[in-house]
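Please keep the sequence and the model in view while reading.

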Amino acid sequence: MTSDTSASDPIIAGGKWRARSVSVLLLAGLLMSGVTAPAAVPPFVAGVETLPERTNSFAGRVLITELSCTACHGAGASLVPRRGPDLSQVGARVRPEHLHRFIADPAGTKPGTTMPALLEHLPAPDRDQAARALAAYLSSIATNPPVIEPVLVEAVSRGRKLYHSVGCVACHSPEKELAGSVPLGPLAEKYSHASLTSFLRDPLAVRPAGRMPDLKLDPHEAADIAAYLLREQNAPAPTTAPQPDLAARGRELFATHRCGSCHTVDGLLAKPSSTPLDALRADRAEEGCLSGRHGDWPVYPLSADQRTAIHSALRERQGPSDIGEEIRLTLARFNCVACHDRDGHGGVPEVRDEYFTTRDPNLGEQGRLPPALTGVGARLQPAWLRKALVQGARSRPYSDTRMPAFGDGEVTRLLEWLPAIDRLPAPPPVTFENENDFKRIGRELAGTDGLGCVVCHTYKDQLTGAMGALDLTLMAQRVTRDWFHHYLAEPQRFSPSTLMPAFWPGGESAKPDVLGGDRDRQIEALWRYLSDGYSTDAPKGVHREPLRLVASGDEAVMLRRSYPGIGKRGIGVGYPSGINLVFSAEQLCLAMLWPGEFADPAGVWTSQGHGTARPLGRARIEFAHAPELAQLERIETPWPAAEGRPQDLHFEGYRLDRLRRPTFRYQVGKTTVEDAFVDQMNSDGVALSRTITFRSADAGDLLVFRVATATAIEPVAANRFKVGPLEIVIAGDTVVTQIKAGDLYELRVPVQSVNGKAVLALEYRWPLSTP
Amino acid sequence: MRTHRHHPRSLRAIPTLTLALACAMTPAVQAEQLAGYWGTAEAEAGYYRIVDVPIPESLVLEAGSFDLLPDGRLAIGTRRGDILLVDGAFEDPPAPVYHTFASGLDEVTGLSWRDGAFYVTQQTEVTRIADLDGDGRADEFKTLADGWGFEHYHEFSFGSKCDPEGNIWVALCLSKSYESLAKFRGWALKITPDGQTVPIASGIRSPCGVGTNAAGVMFYSESQGPWNGSSSLKHLKPGGFMGHPASFNWYDVPPEMGPRPIEPNTNSRLEIERARVKELVPYAVVFPYRKMGQQLSGFAVDTTEGRFGPFAKQLFIGDFTLGVVMRVTTEEVNGVWQGACFPFREEFATGLLALQFTPKGQLIVGGTNRGWPVRGPKPFALQRVEWTGRTPFEVREINALPDGFRLTFTRPVDRQVAGEVRRYLLQTYTHIYRQGYGSPEVDHTTPLVERADVSADGLRVTVRVKGLVRGHVHEFDLAGLRSENDEPLLHDRAYYTLNEIPAP
């Protein structure tokens with residue numbers, strides 16, 4: 001850091017002014033003006049408040065940009081002014097009464113504001129009139145003024161929680177007033193809920209300087225936080241009607257007061273037109289912004305320390321500083337130091353520590369606190385660093401506090417500086433023969449049979465164990481290879497609070513049999529594997545969640561998929577009574593029946609879906625996967641051989657009843673079939689009633705329905721048969737024929753139609769005692 | 001504005017066996033480095049923002065198809081087999097309320113509402129699904145067509161929305177990349193509203209989206225693999241052959257398709273074989289592998305009449321592997337469809353399968369990352385692209401001329417810069433047409449840009465080119481162009497497939 005004038009020795013250029021005199025003059029000025037004196041809280045610049053030394057030139061250089069001095073007093077690239085918000089749509093965002101009051105008396109309206117008073121040279125009535133005109137002008141350039149609407153109590157409580165956790169209180173005060181916070185001002189008189197919500201959704205659109213960064217709130221979160229911030233908003237004040245004449249005068253005032261030096265309206269920005277910063281002479285400070293007097297210049301109610309700091313910076317002049325200093329200045333200006341420590345400076349202060357929380361307490365302090373920025377230029381890949389800074393890319397979903405987006409303004413200079421100054425020695429070169437084999441070893445090391453990275457780190461957002469540390473597939477996109485090597489070799493050296501164990505203590509590998517136990521080769525194998533990011537195969541230990549699809553409530557559930565032995569045209573139905581079937585839309589038959597839970601769809605709902613849906617439960621009956629209906633000469637004629645997809649069978653779909661139970665509809669030759677399956681729960685078991693309705697205009701050959709094929713069929717009573725544990729009941733006086741065909745027994749019934757219609761009723765009973 | 005852009009350095013497409021939704025053969029994944037694609041996401045976000053449409057935690061929503069209902073709701077067909085109806089998906093912010101209309105279907109990859117019912121393409125059939133009792137849930141499932149077979153798990157079907165006559169066009173993936181083991185594998189079929197099945201075209205390999213362009217002409221998206229040097233958008237010309245001959249064995253079944261075409265020669269060029277095999281339809285818009293996606297998927301015509309920005313009537317197509325959306329313009333020259341593709345928007349949260357424009361002029365996208373390598377980190381997502389109202393400086397479209405191209409821009413170019421021929425870097429190449437998997441770019445030429453005439457309004461430039469190559473992709477590198485406000489193009493590459501050169 002450059003040398004500076006200490007607070008105990010406040011002599012400045014030429015020895016003419018002393019800090020004490022400045023204070024006296026400031027006080028005198030305030031008394032003379034007689035308006036803002038009691039409320040003149042100095043402008044609050046967060047990055048200065050946390051400095052160990054607030055009066056030196058470093059502090060001054062932060063103030064010079066943050067108070068936008070260089071917007072009027074042009075200076076070099078190292079002192080780019082912060083400037084104020086874009087005002088193109090301020091009339092849609094801010095209520096006109098607030099605009100008027102704020103312009104007339106910025107510091108009185110919003111104590112701590114960095115907006116100077118511009119109208120102090122005017123007598124009080126004129127000042128009020130000028131402010132009114134400026135407010136009228138600004139309100140006139142937006143078409144939709146904010147409309148006050150009451151906020152919901154639930155939204156306030158959700159917003160309160162978010163406000164105190166996502167990162168707002170890193171800079172702003174928590175609900176319990178905390179000194180040293182960036183002031184919010186009287187939000188309730190300033191915004192409507194809608195306009196504050198839209199500001200919070202995209203603060204960079206209005207404030208491109210990035211000092212109010214974008215916390216990437218989703219629309220609901222923004223609305224909730226806005227509701228919390230406006231929780232005490234009262235009924236709206238009457239809106240003033242548009243005043244075109246006043247607005248026209250305001251427009252002139254906007255130009256003559258050079259508001260456009262700091263504020264854009266439709267992209268226009270005035271060029272610096274005052275004495276360049278370099279040419280400012282502190283010994284001429286009887287007048288102007290630093291004089292403490294009120295006059296025809298921007299009046300900042302600076303504190304003595306602030307004045308000293310700025311004088312100190314002006315005296316030293318702004319030569320090109322070294323990169324380290326520029327980085328520190330930028331971190332102060334953007335208040336990165338509110339959350340991040342770098343080289344021992346900054347980080348979450350004790351008074352705000354409780355607001356940094358985590359979703360995963362298993363991860364310890366690392367899961368809660370923003371990471372240190374020490375060495376970050378060597379740690380992060382340039383593209384990721386940019387994503388993090390500019391777009392607020394996050395890699396720590398478990399941390400409640402979010403990395404915000406700072407936009408692509410001045411903050412991007414860190415992208416050049418950080419990698420230039422942060423260096424790590426290159427890791428030793430590693431050789432290998434076949435890259436794919438090497439990656440495979442890396443994958444083994446990452447898995448539970450290797451070093452077990454997946455136990456703590458997520459893989460494509462999936463948890464393996466209980467911990468959800470930084471995602472493995474993001475690793476190589478985020479960090480540099482150099483850093484990966486150094487960090488894995490000695491994690492505690494980089495993150496003293498990390499829970500990550502050293503896998504190579506003293507250089508000895510926990511897996512001595514892999515790659516000869518060579519630490520650097522093992523780390524490199526992991527790196528090569530992880531370099532493929534999302535397109536890697538999962539390491540061992542990352543497993544699929546088992547899936548269960550079961551009927552819920554009193555409705556049946558359906559799954560049309562490939563089933564074992566049935567193929568692609570299976571239609572599975574799980575009934576709430578605890579009986580399940582698969583109907584084949586290819587062979588038009590009941591193909592499978594089982595009691596208990598329905599199906600595990602993992603084979604078709606995960607990966608490419610190349611498996612089959614698996615019936616749950618241990619017992620099941622599989623019927624022949626062949627048509628159930630055939631035209632035969634006689635009842636015992638051999639059943640037509642099934643080969644592929646039968647030509648004269650057509651599946652026509654199904655209807656569902658109120659409880660989602662299907663009635664299938666299909667065509668067999670000239671016969672139309674409706675086939676309804678309804679479940680029943682009886683005291684002695686579950687049952688499925690099947691009602692098959694055949695319609696045919698053409699009475700041709702004998703139509704035969706094959707009820708069952710099995711290795712054993714045992715008659716129990718009249719038209720009651722046992723097939724394994726299953727009992728099949730054929731209703732009415734239907735004549736059932738049992739025949740033996742090869743090794744199998746079959747039950748056949750003739751379809752006897754009356755006036756072209758026949759109905760066959762079957763019941764499949766599964767006793768409860770059967771598993 | 002700082003924009004950082006990175007173009008893939010390699011101009012060669014590597015014929016690795018890439019597995020994506022529609023081109024899998026073996027579970028051995030050739031993993032790839034996917035980081036840093038076009039590198040334009042940050043700049044794109046200023047013009048088109050991506051908004052998440054929230055999905056309840058209990059819902060697995062792997063969108064495979066979309067449509068709109070007359071009452072303004074979004075309908076989603078999912079890979080898990082649901083049809084979901086969504087209220088509030090287009091609101092700002094999205095306030096979706098999901099309602100299950102139907103479930104238990106087999107991968108809903110085509111969804112179309114017409115005359116009070118959904119016409120649904122699932123894997124095994126095209127089904128007309130209706131709610132007869134009006135309780136908001138489907139109760140009638142009528143099979144319209146199921147005349148195709150299955151022998152291998154990777155036999156996905158993709159269906160279009162209803163064409164003006166109410167037909168659904170279905171594209172059927174081969175059994176494997178190289179074979180057609182079951183009926184009509186590798187064919188496109190037209191299913192009429194009354195359930196007739198009309199074979200349209202053979203030669204399909206692995207489709208992942210079917211639909212029309214703004215002129216109502218039916219196309220499908222095809223992925224790199226055997227007989228497809230790179231992915232492409234192809235015109236489903238009735239009676240046509242789409243390039244992969246494995247499906248020739250089904251010519252006996254549909255007599256109206258005429259005789260079996262002669263077999264194309266392998267290790268040839270499409271341009272050469274199209275002279276021999278008269279049914280072969282040149283691939284309308286070729287997407288050079290990796291430069292322009294790796295696995296094309298669903299696509300949609302911008303019907304928003306400008307509410308989505310300056311690209312009205314163009315096609316927007318998703319990519320499954322890279323989770324990007326690209327832009328396509330098509331035109332018919334000498335009776336053959338051709339056109340250009342352009343990068344549009346990257347960094348979607350998952351692999352994209354389906355796209356749908358909304359009544360409010362937004363673009364809904366959705367998909368999943370399961371099963372194949374996908375760049376997007378989320379297992380599934382529903383997102384919405386919204387135009388911010390700022391018009392990016394882009395090449396809006398490219399049209400072929402007898403002696404060059406006409407480039408139309410979204411905003412005026414710097415006329416002096418755009419008048420300099422050195423600003424137009426043009427190269428051409430094609431791919432090997434072969435049985436092997438994919439192809440590098442071959443037969444490179446560098447045509448000479450002789451003149452660049454800028455229109456008075458700065459919106460059009462006519463480039464006179466010596467050395468146009470019929471059948472080649474013409475790749476434009478326009479990094480040297482500037483808008484009248486001195487901005488570079490948001491995307492400075494464009495790829496025109498010149499199947500035909502217009503007659504003078």
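The points below cover the domains, the contact between the chains and the sheet.

The structure is a predicted model. Chain A is assigned five domains, listed below, and chain B contributes strands to a sheet that also contains strands of chain A.

**Domains of chain A**
- The assignment places domain 1 at 13-83 + 269-320 and domain 2 at 90-261.
- Domain 3 covers 327-421, domain 4 covers 435-535 and domain 5 covers 616-767.
- Between the C-alpha centres of domain 3 and domain 5 of chain A there is a distance of 69 Å.

**Contact between the chains**
- The contact involves 40 residues from chain A and 38 residues from chain B.
- On the side of chain B that touches chain A, strand β9 (residues 140-145) gives the most, with four residues.
- The residues on this side of chain B comprise 14 nonpolar, twelve polar and twelve charged.

**The sheet**
- Twelve strands form an open sheet with antiparallel pairing, in the order β16(A)-β17(A)-β18(A)-β21(A)-β14(A)-β13(A)-β12(A)-β11(A)-β9(B)-β8(B)-β7(B)-β6(B).
- β16 (714-717) of chain A and β6 (110-114) of chain B each have a single partner strand, so one side of each lacks a neighbour in the sheet.
- On average, neighbouring strands of this sheet are turned by 25 degrees against each other, direction ignored.

**Strand pairs within the sheet**
- Strand β11 (residues 649-656) of chain A runs antiparallel to β9(B), and three bridges join them.
- A:Arg655 has B:Glu140 in β9(B) as its bridge partner.
- Three bridges also join β16(A) to strand β17 (residues 720-723) of chain A, again antiparallel.
- A:Glu714 has A:Lys722 in β17(A) as its bridge partner.

How values were computed. Residues are numbered from 1 along each chain as its sequence is written. Chains are lettered from A and ligands numbered from 1 in the order in which they are written. This is a predicted model: local features need pLDDT of at least 70, side-chain atom pairs count only at pLDDT 80 or more; totals for chains, interfaces and linings use all residues. Domain bounds come from an automatic or database domain assignment. Two residues are in contact if their C-beta atoms, placed from the backbone, lie within 7 Å. Helices (H or I, at least four residues) and strands (E, at least two) are DSSP runs, numbered from the N terminus. Ala, Val, Leu, Ile, Met, Phe, Trp, Tyr, Cys and Pro count as nonpolar, Asp, Glu, Lys and Arg as charged, and the others, Gly among them, as polar. Two strands pair if DSSP finds at least two bridges between them. Axes are lines fitted to C-alpha atoms, for helices over the stretch in contact, and angles run from 0 to 180 degrees between N-to-C directions.
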